[in-house]
Amino acid sequence: MAGAVTDPTPLPDQVVTHGNVRVTVLTDRLVRIEYAADGVFEDRPTLAVANRRFAPVRFSATTEGDALIVDTGAVRLECADTSRPFTARTLGARVSTGDGEATWHHGQRDRANLGGTVRTLDGWKGSTTSRFVDFDPATGVVDAWDEQPLEPGLLSRGGWVVVDDSASVLVETGRRRGARPRAVARAAGARHDLYLFAYGTDHKGALRAASQLLGPQPLPPRYAFGYWYSRYYPYTDRELLELTDDFDRYDVGVDVLVIDMDWHRLGWTGYSWDRDLFADPTATLAALHDRRLHVALNLHPADGVGRHEDQFAAMCAALGRDPSSTDRIAFDITDPAFVDAYFELLHHPEEDRGVDVWWMDWQQGSATPIPGLDPLAWLNLLHWDDQARRRPKRRPIFLSRWGGLGAGRHPLGFSGDTHATWESLAFQPGFTATAANVLYGYWSHDIGGHFQTEPDAELYTRWIQFGAYSPVLRTHGSLDAFLERRVWEYPNPFRDVMIDTIRHRYDLVPYLYTEARKGVDDGLSLVRPMYHEYPEAASAYDAPGQYHFGDQMIVAPVTSPNDDDAMAAVRVWLPRGDWFDVAHGTRVTVDADDGACV
């Protein structure tokens with residue numbers, strides 16, 4: 001299941017063209033609306049949109065002069081002037097919401113949008129990031145912490161959502177066998193490319209349609225649901241093997257061993273093993289595989305390939321450069337020759353050596369020589385495509401940041417370097433669930449946080465408990481000496497609780513794997529907000545600290561420290577029905593139609 005079969009060309013009978021406007025009816029509640037000043041419309045896929053071949057839908061289309069009306073029964077779209085670009089006065093729609101009607105006009109702000117996700121949580125503390133204010137000679141830098149919004153999602157309580165894909169680059173598949181995808185800028189001239197989702201509060205219907213349009217979230221390999229151990233630390237080959245012995249000694253399961261950037265020679269970007277730490281990397285990876293571990297390596301590709309790299313001469317030869325007059329080959333993900341060499345000389349040999357997962361740690365901007373092309377999104381697509389074509393019997397997988405709509409086709413997500421605070425822990429459950437609104441259901445967080453000023457065993461324990469009930473359980477932290485990630489190094493009761501929690505994660509894997517597979521078909525993520533399941537319940541929209549964990553479970557992590565009585569209280573909203581409280585071993589019955597807090 002490397003990817004779903006898609007066709008970006010819609011059924012001809014579902015398309016209406018009048019003047020400079022084209023309308024494509026994808027479902028009775030999902031409509032594509034285009035304007036092209038030159039009358040040339042686009043059927044190639046974009047970075048976001050992979051498929052437009054939907055089942056036929058009945059609709060009517062009428063024209064009068066320059067006006068066009070398309071009516072599906074659920075949506076009545078009206079364009080008063082198809083000869084010029086859209087405005088609020090010329091383009092709008094009336095949407096049936098089930099219990100009434102909503103209206104939309106071009107350019108209207110979606111004030112009821114339920115949110116999506118963001119590119120990265122680098123530097124976030126809770127839902128805030130710092131901003132320099134002043135410098136105090138006594139205390140140092142003075143920062144203000146500003147609240148940060150999420151990007152819009154595909155769901156709204158206002159009855160409609162509009163996705164503007166006008167600036168997204170086009171994706172061309174290679175004409176020759178084995179050719180890589182190619183990014184192509186949109187043609188010049190005035191253009192609109194909009195998708196109107198008019199699902200009211202039928203959130204599941206909207207996500208099913210979005211999954212078909214953007215492409216489904218693939219099922220990761222089964223090992224991805226196990227425990228990932230990671231820490232930014234200069235491990236030697238001997239220390240890594242001793243670490244795996246400790247996992248066995250303490251009977252703690254682990255599936256993926258992540259080696260941060262210290263695997264390569266000094267520098268931000270690197271592709272050559274540090275032989276002072278890894279005398280024989282081939283033997284080390286073989287030994288780790290013998291212990292049934294998968295290995296992930298961190299990669300920052302932005303600085304290109306320098307003279308000190310093992311493959312520098314080979315890269316120069318592949319790109320026609322003179323190594324005697326070149327010190328560094330610049331990173332250019334838009335150059336097909338560079339991309340071929342990038343994979344064939346830098347990545348494939350390491351994959352053959354035994355690297356299972358690349359951790360694409362891209363942080364260096366969002367611009368490329370192709371207008372509208374984000375290097376992060378393009379890296380994700382190319383890495384996924386390379387794995388799918390090169391190893392068709394393996395499910396592709398890597399870690400990377402959110403690259404915008406459509407990024408859910410390329411899991412897993414790496415959410416970045418957060419501050420290790422209670423505020424950050426409290427923010428992550430809701431943040432993880434809300435990403436399901438843009439089909440990004442596999443956020444992998446630095447469990448424990450990345451930056452920390454002092455050790456806090458209770459915080460780390462609570463974070464691991466949340467991690468066990470998140471899409472990916474991956475502990476991580478920075479190089480600080482006290483930022484220990486080996487759970488057996490903590491005193492009790494924290495040690496035993498963390499070890500038991502990781503073991504419990506493995507008890508959950510069959511359930512997680514089954515629920516994740518179901519999500520491929522229905523567009524639902526493993527972790528999702530309560531309102532996905534209960535869209536008509538007002539309280540479901542006011543429960544950010546809890547979430548559905550598959551179909552059968554509701555999870556409310558503890559995200560605050562214990563009170564003086566060594567207890568931490570959590571309020572949970574439960575919908576009508578019978579529930580079993582796992583924490584207390586009790587049955588809970590809710591009779592109220594609107595549910596109840598317990």
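**Helix packing, sheets and a buried tyrosine**

Helix H8 (residues 457-468) packs against helix H9 (residues 494-522) at an angle of about 10°, and their axes are 9 Å apart. Because angles under 35 degrees count as roughly parallel, H8 is described as roughly parallel to H9. On the H8 side, the contact is made by Ala457, Glu458, Tyr460, Thr461, Ile464, Gln465, Gly467 and Ala468. H9 contributes Phe494, Val497, Met498, Thr501, Ile502, Arg505 and Leu508. The residues of this contact divide into nine nonpolar, four polar and two charged. The structure is a predicted model, and the values reported here are computed from it.

Tyr547 lies in strand S26, which spans residues 547-549. The relative accessible area of Tyr547 is 0%, so this residue is buried; the cut-off for that term is under 20%. Apart from neighbours within four places in sequence, the residues in contact with Tyr547 are Pro429, Ala433, Phe466, Tyr469, Val527, Arg528, Met530, Met553, Ile554, Val555 and Pro557. For one of these, Val527, the separation from Tyr547 is 20 residues in sequence and 6.5 Å in space, taken from C-alpha to C-alpha. For another, Tyr469, the backbone oxygen is reached by the side chain of Tyr547 at 2.7 Å.

An open sheet is formed by five strands in the order S1-S2-S3-S14-S11, with antiparallel pairing. Strand S1 (15-18) and strand S11 (161-164) are the edge strands, and each pairs on one side only. On average, and with direction ignored, neighbouring strands of this sheet are turned by 20° against each other.

A parallel pairing occurs elsewhere in the model: strand S15 (residues 227-231) and S16 run parallel and are joined by four bridges. The bridge partner of Ser230 in S16 is Val258. Strand S16 (residues 256-259) is covered on both faces. Val256 and Val258 are buried on one side, and Leu257 and Ile259 are buried on the other.

Technical notes: Residues are numbered from 1 along each chain as its sequence is written. This is a predicted model: local features need pLDDT of at least 70, side-chain atom pairs count only at pLDDT 80 or more; totals for chains, interfaces and linings use all residues. Side-chain values use heavy atoms; hydrogens and water are left out. Two strands pair if DSSP finds at least two bridges between them. Helices (H or I, at least four residues) and strands (E, at least two) are DSSP runs, numbered from the N terminus. Axes are lines fitted to C-alpha atoms, for helices over the stretch in contact, and angles run from 0 to 180 degrees between N-to-C directions. Angles under 35 degrees count as roughly parallel, over 145 as roughly antiparallel, 65 to 115 as roughly perpendicular and the rest as oblique. Contact means heavy atoms within 4.5 Å. Ala, Val, Leu, Ile, Met, Phe, Trp, Tyr, Cys and Pro count as nonpolar, Asp, Glu, Lys and Arg as charged, and the others, Gly among them, as polar. Buried means under 20% relative accessible area, exposed over 50%, partly exposed in between (1.4 Å probe, protein chains only). A polar contact is a pair of N or O atoms within 3.5 Å; within protein, one must be able to donate a hydrogen and the other to accept it, and residues adjacent in sequence count only if both atoms are side-chain atoms.
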